[in-house]
Amino acid sequence: MPVKLLMPKIGLNMVEGQIIEWVVKEGESVKKGDVMYVIETDKVTNDVEAPQDGVLLKILVPVQKVVKVREVVGILAGQNEDVDLESVMKKIRSDRNQKEETKFKTDEISEQSQKAASDGKTGEILASPLAKRFAAQNDIDLSGVKGSGPGGRIKMEDIEKLIKEEVGGKEEGTLPGKIIPLVGVRKVTAERMAFSAATMAMVTLNSELDVTSLVSYREVLKKAGKDKKEIPSYNAMLVFLTARVLKEFPYLNVSFINSGIKLVEPVNIGLAVDTSEGLMVVVVRKADRKSVDQIHKELNILAERTQNHRGKPEDLEGSTFTITNLGMYGIDTFTPIINPPEAAILGICRFVEKDVLMDGQNKRRYMANFSLTFDHRVIDGAPAARFLQRLGESIAQF
């Protein structure tokens, strides 16, 4: 009996993916466990193996096309199996149509429930909460917006399209230039950053901290002849220190949820990593319980896997506080954007050697700007400032 090959669901948050390579071609034989195709999600690249011996009868989803999870991407027939391909395709189309019809009815019932919940109020505009917030921030009257959702519900995409039309003045494709599809990591990053900017009250505090102790620590290890690969990076040391300061200031290790402010127990530090596909955040779990050397080794493994597109879902999920370091690019200050559902993010800038007045004397020190962006709905300015101050003290005492 033919087997439907599906877009697998990898990780709890995956909703869609794309096939970046068909390793097996139509008509070719495979053994159970052979890699048939390679998929890419917003976070990882993953090989999909043949569930049984057989022949790849039909490829339904071409390379680079984005489809939802559980979507049928191909058909695998048994060896020497006589298959009526047209009947199989008809059944797949029927199942897909039935699924879409069920979804439409569910959405319709949901919309009717929302209208019923308005206590008979008339003239209420049907729009998603995110669309309402985004429209308010851009002074857009929703009464003049045509919704594309079920029952005419206004979605975020409708507001973005309206703004694009008003600002751009021209339809897409009228100006010459190459179009880069917004898929994979870039698409998810765009959606998350837009959501973050539209829903959070972000404030950034900047402070110049003395990082001489971190530079000195590495120099001591170099002079002691320690292998270069084993010398902790600045990122490893700062993850180590930040995690411990967060234990003292748990109100920064929180999430904003509908029912209130959630104090998160584990301190899982995310570190932004630059890859060819875009920015990804690898996660050091329970960083407050690990040594500098342990964090350094773990970050190397996570970064290597991610940059080579072989990261695992758990490598990139579950962070409670993120660090992003642009110091290697010579950046002196910037405003990092919070990675939802977190409530804060720490930006690190380049280390600069300069004369600093200490105890009435000019002393040569290494200084760096640290930028802490926090959600003011959850965290107040004074506590955030105390966190930065304590982090500076911890760095100086390292």
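**View 1. The side chain of Ser213 reaches the backbone oxygen of Ile395 at 2.3 Å.** The model is predicted. Ser213 sits in helix α5, residues 212–223. Its relative accessible area is 13%, so Ser213 counts as buried, the cut-off being under 20%. Setting aside neighbours within four places in sequence, Ser213 contacts Ile395, Ala396 and Phe398.

**View 2. Helix α5 crosses helix α6 (residues 234–248) at roughly 125°.** The two axes come within 11 Å. That angle makes α5 oblique to α6. The crossing of α5 past α6 is right-handed. From α5, the contact is made by Leu214, Val215, Tyr217 and Arg218. From α6, Tyr234, Met237, Leu238 and Leu241 take part. By class, this contact of α5 with α6 has seven nonpolar residues, no polar residues and one charged residue.

**View 3. A cis peptide bond runs from Pro340 to Pro341.** Omega is near 10° for this bond. Pro341 lies in the loop between β14 (321–325) and β15 (344–348).

**View 4. Gln64 has a positive phi without being a glycine.** The phi of Gln64 is about 80°. Gln64 belongs to the loop between β6 (54–59) and β7 (66–68). With a relative accessibility of 47%, Gln64 counts as partly exposed.

**View 5. Asp359, also not a glycine, has a positive phi of about 55°.** The loop holding Asp359 runs between β16 (352–358) and β17 (361–375). Asp359 is exposed, at 75% relative accessible area.

Key:
Residues are numbered from 1 along each chain as its sequence is written. This is a predicted model: local features need pLDDT of at least 70, side-chain atom pairs count only at pLDDT 80 or more; totals for chains, interfaces and linings use all residues. Side-chain values use heavy atoms; hydrogens and water are left out. Helices (H or I, at least four residues) and strands (E, at least two) are DSSP runs, numbered from the N terminus. Buried means under 20% relative accessible area, exposed over 50%, partly exposed in between (1.4 Å probe, protein chains only). A polar contact is a pair of N or O atoms within 3.5 Å; within protein, one must be able to donate a hydrogen and the other to accept it, and residues adjacent in sequence count only if both atoms are side-chain atoms. Contact means heavy atoms within 4.5 Å. Axes are lines fitted to C-alpha atoms, for helices over the stretch in contact, and angles run from 0 to 180 degrees between N-to-C directions. Angles under 35 degrees count as roughly parallel, over 145 as roughly antiparallel, 65 to 115 as roughly perpendicular and the rest as oblique. A crossing is left-handed if the near helix is turned anticlockwise from the far one by less than a right angle, and right-handed if clockwise. Ala, Val, Leu, Ile, Met, Phe, Trp, Tyr, Cys and Pro count as nonpolar, Asp, Glu, Lys and Arg as charged, and the others, Gly among them, as polar.
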